[in-house]
Amino acid sequence: MKRFVALFLVLSMALLAACTSQSGSGGTSSQNPSTGSQTASQSGGSESKDPIKIGLVAALTGPSAELGKGIQMAARLAEKELNASGGVLGRPIQIIIRDDQSNTQLGLNAVNELIQKENVVAIIGPTNSGVVKATLGVTAAAGVPHLINNGQDTEFGYDYPHAFQFAMPNRTQARMIAQFTQETGLNKAGLLTANDGYGQPGRADVLAELEALGVQPVAMEEFKPTDADMTSQLLRLKDAGANVILFWGMGNDAATIRKNMATLGWDVPLVGPNPLVMNNFRDLAGPEARNTFSTYEATFIRRPLTPKAEAYAKAWKAEYPDDTLFYGPGEEPYFYLAMGAQTYDAITVLADAIERAGTTDRAAVLEALTNTQGFEGVNSVISFSKEKRVALPDEANILVEIKPDGVYEMK
Amino acid sequence: MLLLFLILGITWGGIYALVGLGFNTTFWTLRILNFAQGEYLMAAVLLSIGFNRWVNLPWPIAIVLALAVTAALGLVLERVAIRPVLQHDPRSHSWVVTTLGAGIVLQNLAVLLFGTSEYPFPKLMEGVVQLLDARVEKQLLAVFAITVVLVVLFDIFVNRTLMGKAIKAVAFDRMAAEAQGINSRGIVMLSMILMALLAGIAGLLIAPMVSAHPYMGTLMTVKGFSAAVLGGLGSPVGAIVGGLVVGIAEQLVGGYINPGLKDAIGLIFLFVILIARPQGLFGKKVAERV
């Protein structure tokens, strides 16, 4: 018995040490000059000039670091612009950014710390869907509005009354992928999906949308992510007579599929969700990055740009003149800007809601957010309701064709 | 369909055979199996990419340089992971752990240098050819042709050259070979270099068809090992036949039964052969088997 007690003590001490060291290292990513009294920010609407704190959790390092950097850049741009125009409720906005390294535990720690210690009005993030799922319970329990800037799971915008989704929901993408079979008349669909936490729900969504259209897939195959060779699956689809492949997975796997199709001398359209438009698919597939279709926000693909999108691109270029990843290397803004714009829209719509609520009280801000109507964001005009809190209306998404040299609106 | 499965199976089988031959070379000279083999395959590919991307060397030079570094890494492996173990106790089997460990070190180094993302690798040739009712990429046939040439060269080297004969002599009886004036240490080094080159070239051949990343080698170790044991450890013909059997079986199982079972079939063969004929298809029964 004694041994167990001792073990428990040691373990709990180790845990404590881990917690403190994490919150310590997390602190490096924020400049936190103000030590505003916590009750002041909660009381709201007072004469206080203390900044209004918003918590942002992003994957600044780790596998999603590139995306995380873009999210951080967009957040700092929104913060700067809001403060330059007088802040919110006459108070400056302060965005406190924490890195979760795409790690669920670190994401949970960060959200807890931001709510408990920093007393933020709302949480934005985290970057990865899995981490978002883990943190939704925490924000719900604390009554903190949760703005999901990047996660695409369909339930995010529907099933959580305190959550608002700014990325394209999977179900919307699945519908567009299924509709591809109708628009092109290629309705002998072969499904090829990853057997992981991304591919399996995606496959279910695509199947449901196909069923709604009365299309029965001719074959269904799965693959393990990073399978080096998918010729077996492809041959089975080909043998079943598929004339289009509906795919759900990541860009690297799609690249393997396109290369394997080239090996087999088989060429039918490959249609899948928006990871396909990322640069890595085209990098890996090279000349085989063709006859491939995906969904994406129309914002920076369609021309001319909306005035809001144009202003955003201009501000981005002025703030980050050296950035060639999101803005792209050329003069014309690259469609990657839409990724950061999701975060930018989340912050500006939140600022608008705080202004309308007239207070930083979380419940009041949540209500104001839910009542948002016709807010002009970069990616779309945003309206929320009690039933649906999805920032991107269906028409904000378009089918795009991917070619070796870029991404184009599908004709 | 069947023809296509056979073409794919023979091509992949040839790759497994190369890795399997690598297992044989170190088995001959040191009586050990190098379980870091797949990581040498990965190292050659990623080093080529590194030399091309970051040192801006043209591909042919980058590839030659990468193979040279991979061969040198083979020598390092012998020095740090194998020699100390055998010196301490020639009958020890600790090399199972030390070579596996060395492989993990190589893999982690690759992750540090290259991250976990994948990299593209250029093809030897573009275009598609029609073979009866099957259409395949020329690249696939090029891989097959190069594999055949390599296997033939390997056979000539081992059976017709003095150095190759020295390897066999050391394999047969190290003490006796040394008594004949054969530099057994040199032969051991040579076998390590051969192992690294066989794995490295196998990697370079498949790199354009798959994607290059730090974890690409692990499965190849397993498949090459299956090929070598199936054919009979120490037998070059065995490694080739074993590789082809595994490669073709994979395609047939993946195509006609379930693609998910593809990677398992090599291991299933391995278990069956170990029970039914432990010396492998072409292996000789040896009294002092370990």
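Reply: We begin with a cut-off: a residue counts as buried when its relative accessible area is under 20%, as exposed when that area is over 50%, and as partly exposed in between. The model is a predicted one.

Me: Is A:Asn119 buried or exposed?

Reply: A:Asn119 sits in the loop between H4 and S3 of chain A, and its phi is near 55 degrees, a positive value in a residue other than glycine. Most residues other than glycine have a negative phi. Since the cut-off for burial is under 20%, the relative accessible area of 13% makes A:Asn119 buried.

Me: What is the relative accessible area of A:Gln101, and how does that class the residue?

Reply: A:Gln101 lies in the loop between strand S2 (93-99) and helix H4 (104-116) of chain A, and its phi is near 55 degrees, again a positive value in a residue other than glycine. Its class follows from the range between 20% and 50%, so A:Gln101 is partly exposed, with a relative accessible area of 41%.

Me: Where in chain A does A:Pro304 lie?

Reply: A:Pro304 is joined to A:Arg303 by a peptide bond that is cis, with omega near -5 degrees. As for its place in chain A, A:Pro304 lies in the loop between strand S10 (292-297) and helix H11 (307-319).

Me: Which residues does A:Gly68 touch, leaving aside those up to four places away in sequence?

Reply: A:Gly68 is found in helix H3 (residues 65-84) of chain A, and its relative accessible area of 0% makes it buried. From A:Gly68 to A:Val349 the separation is 281 residues in sequence and 20 Å in space, C-alpha to C-alpha. With residues up to four places away not counted, A:Gly68 touches A:Ala58, A:Ala59 and A:Leu60.

Me: What share of the residues in chain A is buried?

Reply: Chain A has 13 helices and 14 strands, and residues 24 or more positions apart account for 68% of its contacts with a separation of 6 or more. The chain exposes about 16400 Å², of which carbon and sulfur atoms supply 56%. Of the 411 residues in chain A, the buried share is 57%.

Me: How does the radius of gyration of chain B stand against the globule rule?

Reply: Chain B comprises 11 helices and two strands, and its elements run, from the N terminus on, α-α-α-α-β-β-α-α-α-α-α-α-α. For 290 residues the globule rule gives 19 Å, and chain B is as compact as a globular protein of that length because its radius of gyration is close to that value, at 19 Å.

Me: How far apart are the centres of the positive and negative side chains of chain B?

Reply: The C-alpha atoms of chain B fill a box of roughly 55 × 50 × 35 Å along the principal axes, and the chain exposes about 12900 Å², with carbon and sulfur atoms supplying 71% of it. Chain B carries 19 positive and 13 negative side chains, and the centres of the two sets lie apart by 5 Å.

Me: Which residues does B:Asn24 touch beyond those up to four places away in sequence?

Reply: B:Asn24 has its place in helix H1 (residues 2-30) of chain B, where it counts as buried at 0% relative accessibility. With residues up to four places away in sequence left out, B:Asn24 touches B:Leu233, B:Gly234, B:Ser235, B:Pro236 and B:Ala239.

Me: Which three residues supply more of the area that chain B buries against chain A than any other three?

Reply: At the interface, 29 residues of chain B are in contact with 24 residues of chain A. The area buried between the two chains is about 2100 Å², and carbon and sulfur atoms give 50% of it. Of the area that chain B buries against chain A, 23% is supplied by three residues, more than by any other three: B:Met1, B:Glu118 and B:Pro259.

Notes:
Residues are numbered from 1 along each chain as its sequence is written. Chains are lettered from A and ligands numbered from 1 in the order in which they are written. This is a predicted model: local features need pLDDT of at least 70, side-chain atom pairs count only at pLDDT 80 or more; totals for chains, interfaces and linings use all residues. Side-chain values use heavy atoms; hydrogens and water are left out. Helices (H or I, at least four residues) and strands (E, at least two) are DSSP runs, numbered from the N terminus. The radius of gyration is taken over C-alpha atoms; the globule rule is 2.2 Å times the number of residues to the power 0.38. Accessible areas come from the Shrake-Rupley method with a 1.4 Å probe; for residues, only the protein chains shown count as cover. Lys and Arg count as positive and Asp and Glu as negative; His and the chain ends are not counted. The place of a charge is taken as NZ of Lys, CZ of Arg, CG of Asp or CD of Glu. Contact means heavy atoms within 4.5 Å. Buried area is the accessible area (1.4 Å probe) that two parts lose on being put together, summed over both. Buried means under 20% relative accessible area, exposed over 50%, partly exposed in between (1.4 Å probe, protein chains only).
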